[in-house]
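Thanks for asking me to take a look at this one. My notes are below as numbered points, for you to read beside the model.

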Amino acid sequence: MTIVPTLHFNTDGLDPAHAFAAWRDLMAPIIRVEQSERAAPPRGNLSCTILGDILASRMVFTPQRMIRDRRHAAVTPDHLTFMLYVSGGLTGEIAGCAVTQQRNRVMAADMGRELDARGARSSAIGLTVPRQLLADVDIERIPMFFDRERNRLLLARLYALYRHLPSTRVERAEEVAAELTGFVRRLLDGSSASDVLRGPELDASVVEMAERLIDLNLPSSKLSPEWLAERLGTSRTSLYRAFEQTGGVMHRVWEKRLEAIRTALEDPLETRSITRLASELGFKTLAHLSRSFRSRYGVAPREWRHTRVGYSALTFEKSPALAHDWYERLGQS
């Protein structure tokens with residue numbers, strides 16, 4: 001089974017000057033990276049995955065200034081990037097408008113607009129779509145930030161995408177890209193006869209919507225059948241019946257927590273300790289996580305991280321050339 005190609009770039013092993021230079025060169029087609037006042041030279045790590053004509057990316061980076069001036073914006077490929085900060089954020093100006101992007105708030109970034117912003121220490125995920133794939137959408141009228149419901153749906157879709165990327169097969173790449181692009185068009189097209197917020201693909205089942213809520217609230221102690229039923233506007237009886245085939249509501253919650261832990265341990269850009277992951281994803285103690293993880297996957301969390309990240313490290317890239325080529329050629333196939 002061949003998995004979709006992913007490039008990993010990591011500056012952690014470089015001295016500050018070389019890390020800054022490598023990060024600056026990697027980001028050059030998108031932004032100019034500069035050192036923030038009273039901050040260390042910026043550095044960052046990036047993973048990017050090509051899915052047909054769209055690009056999924058994940059970044060972690062230290063405080064830095066990010067600039068895209070008029071000349072830079074004019075030669076930037078004609079793309080729209082949906083950027084989600086999992087932690088951290090940025091403040092500054094985009095096309096002369098003051099913006100503040102915070103955690104769990106999706107921003108639609110037109111890469112043809114000028115940018116001058118300062119980013120905090122951050123972890124972010126993004127989805128880049130060529131403008132030509134959104135030809136039926138009035139790009140100029142797309143808000144930089146979305147209303148609560150659309151933001152929630154984009155959050156769920158982006159988080160689900162990044163959970164499934166490590167196991168997405170090459171032969172499914174075009175299908176996944178088409179589905180994501182279709183979702184984005186329906187979400188953005190205010191003139192659509194059938195609003196995506198009421199579309200059949202999002203209202204198909206109680207299970208689908210419940211799992212979206214679970215994904216967005218994995219760390220929370222409030223996750224319970226009662227809380228989910230209230231948020232979904234359904235009865236506990238209906239919720240229990242919907243999850244009968246998967247072992248029950250809370251069984252599915254703990255499955256998803258374990259899946260999130262496993263994905264984090266496989267991620268070469270993930271820097272949180274196993275103890276911190278356990279705490280942040282709803283496990284009472286490290287021992288609780290270790291027992292559950294070994295029961296589900298047959299090995300201890302530490303062993304899983306060692307073997308999987310060691311394999312991922314083999315794909316680290318020394319040159320940004322291929323990533324630049326992927327970005328600039330989006331939508332030209």
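1. Phe293 and Trp304 are both buried, where buried means under 20% relative accessible area, exposed over 50% and partly exposed in between, with a 1.4 Å probe and protein chains only. A word on the basis: this is a predicted model, in which local features need pLDDT of at least 70 and side-chain atom pairs count only at pLDDT 80 or more, while totals for chains, interfaces and linings use all residues. Residues are numbered from 1 along each chain as its sequence is written, and side-chain values use heavy atoms, with hydrogens and water left out.

2. How many aromatic pairs does a search of the whole structure find? There are seven, counting rings of Phe, Tyr and Trp (its six-membered ring) with centres within 6.5 Å; planes under 30 degrees apart are stacked, over 60 edge-to-face and the rest tilted.

3. Arg157 sits over Phe183, 4.0 Å from the ring centre, and Arg24 over Phe20, 5.3 Å from the centre. The criterion is NZ of Lys or CZ of Arg within 6 Å of the ring centre and within 35 degrees of the ring normal.

4. Helix H6 (residues 225-232) has Pro225, Trp227, Leu228 and Ala229 buried. Gly233 follows H6 with a positive phi, near 70 degrees.

5. On the overall fold, the protein has 12 helices and 11 strands; these are DSSP runs numbered from the N terminus (helices H or I, at least four residues; strands E, at least two). Its radius of gyration is 20 Å, which agrees with the value near 20 Å for a compact globule of 333 residues; the radius is taken over C-alpha atoms, and the globule rule is 2.2 Å times the number of residues to the power 0.38. Of the 333 residues, 50% count as buried.

6. Finally, confidence. Mean pLDDT (the predictor's confidence in each residue, from 0 to 100) is 85, and 92% of residues reach 70 or more. Please treat residues 199-204 separately: pLDDT stays under 50 there, and the model has 12 contacts beyond four places in sequence for them, a contact being heavy atoms within 4.5 Å.
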